[in-house]
Amino acid sequence: MDRTTGGWINGLLGVLIFSGSLPATRAAVMDFDPVFLTAARAALAGLLALGLLAAFGGKRPERGDLLPLAIVALGVVLGFPLLTALALAHITSAHSIVFVGLLPLATAGFGVLRGGERPRPAFWLFSCLGSALVAGFALARGPGGAAASDLLMLAAILVCGLGYAEGGRLSRQLGGWQVISWALVLSLPAAAGLALLTLPPGFAGIGGPAWIGLAYVSLFSMLIGFIFWYRGLAQGGIAAVGQLQLLQPFFGLALAALLLHEQVSPAMLAVTAAVVLCVAGARRFAA
C-alpha cells in the first residue's frame, strides 16, 4: 500500500469515528453542563494520553513544537468541543452536524496558510461545490437553533480547521498519535482544574445516554479518532484528505437517526451521493 492510499484509509477511519462526536455530545449535554463536559472529556483523554506516552515513549516535542501544539490544543481539545457543546445545548445534533460539511474548506485553507500546500484550481472547484451542497442541505432542513448557536457552530468549524491543519503539519515530524497525545497532556492541568471547578453537585440525575456520550467523546472523539486522522493528513496531504470530512455530516446524520431517532430523508441520501463524487474529484486534483 502506497503512502497516499494509506493516508486516505486512515483519514476515512478518523472521519467515521468523528461522525459520532456531535450525536454523543448532544446526548451528554442533555444532563451535563457544556463547560464541565468539555473539561471532563479533555481531562480524561489527557490522562489516557499521558499513559500512552509513558508506555510507548513517544517522541518528545522540541521547543519550536510547543506553539503548534498549543494551537492544536486550543483548536481541537478545547475550542471545538466547547463551542459545539454550547451550541448543542440549544439545537439538535442533526442541525449542528451539517455545519461539519464546511470543515474541508476550513482545513484546506489553513493547510495552505500553515502547511504550504498548493492544490490545483480544480481542487477548489470540487471542494467549494461539495461545501455548497452541504450548506444548501443545511438550509433546506428547516427549523434549527437560534442564530447564536449557528454562529457558535461556524466559530467551531474555523478553530477546528486550524487545529486539523496544524496537527496534520506537525504529524509529519512527531507522528499522529504523538501530536494529539502531547496536545492533550499540554491541556491536562487546565482541563482538570476546570472540571473540578464545574463538577456537578451530584450525579444522581445523570442518565445512561449522557454517561455513554461522555465516554465516547473522551475516548474516541478526543484520542482514538485523532490517531487515525492526523496520520492520514500527514500521509495523504492536509487539503486532499481533509475532503473526506464532506462525508462526515451524512455519517453523523445516520448515527443521529439510529441513536437519537431523528428522521433520515431521501434528500440526505441524494446529497450524500453527490458529495461522494465531489470528494473523488477533489482527490484527483489535490496534488
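Of the 76 residues in the largest nonpolar core, which touch the most other members? They are V76, V77, Y164, F226, W229 and Y230. A nonpolar core here is a set of buried Ala, Val, Leu, Ile, Met, Phe, Trp, Tyr and Cys residues joined through side-chain atoms within 4.5 Å. Buried means under 20% relative accessible area, with a 1.4 Å probe and protein chains only. The largest share of this core, ten residues, comes from α4.

Before going on, the source. This is a predicted model: local features need pLDDT of at least 70, side-chain atom pairs count only at pLDDT 80 or more, and totals for chains, interfaces and linings use all residues. Residues are numbered from 1 along each chain as its sequence is written, and side-chain values use heavy atoms, with hydrogens and water left out.

Now the overall fold. The protein chain has 13 helices and zero strands; helices (H or I, at least four residues) and strands (E, at least two) are DSSP runs, numbered from the N terminus. The radius of gyration is 18 Å, close to the 19 Å that the globule rule gives for 287 residues, so the chain is as compact as a globular protein of that length. That radius is taken over C-alpha atoms, and the rule is 2.2 Å times the number of residues to the power 0.38. The C-alpha trace spans about 55 × 50 × 30 Å along its principal axes. Of the 287 residues, 54% count as buried. Among contacts with a separation of 6 or more, 91% are between residues 24 or more positions apart, where contact means heavy atoms within 4.5 Å.

Leaving out residues up to four places away in sequence, Y164 touches F18, V76, L103, T107, F226, W229, Y230, L233 and Q245.

How many cavities of 30 Å³ or more does a search of the whole structure find? The search finds two. On a 1 Å grid over the protein atoms alone, a cavity is a set of points where a 1.4 Å probe fits but cannot get out, and a pocket is an open set with protein on both sides within 12 Å along at least five of seven lines; lining residues have an atom within 4 Å of a point. Grid points are joined across faces, edges and corners, and a volume is the space filled by probe spheres set on the points.

The largest cavity has a volume of about 130 Å³. Of its 16 lining residues, the closest to the centre are S21, R41, F80, Y164 and S221. α4 gives the most to this lining, four residues.

The second largest cavity holds about 30 Å³, and its lining is F18, S19, L22, P23, I97, Q248 and G252.

The largest pocket has a volume of about 220 Å³. Its lining includes G20, P23, A24, A27 and Y216. α2 (21-29), α10 (208-236) and α12 (248-260) each give two or more residues to that lining, and the largest share, four residues, comes from α10.

Last, α2. Nine of the nine residues of α2 are buried, so the helix is largely enclosed by the rest of the structure.

Conventions:
Buried < 20%, exposed > 50% of the residue type's maximum accessible area, 1.4 Å probe, protein only.
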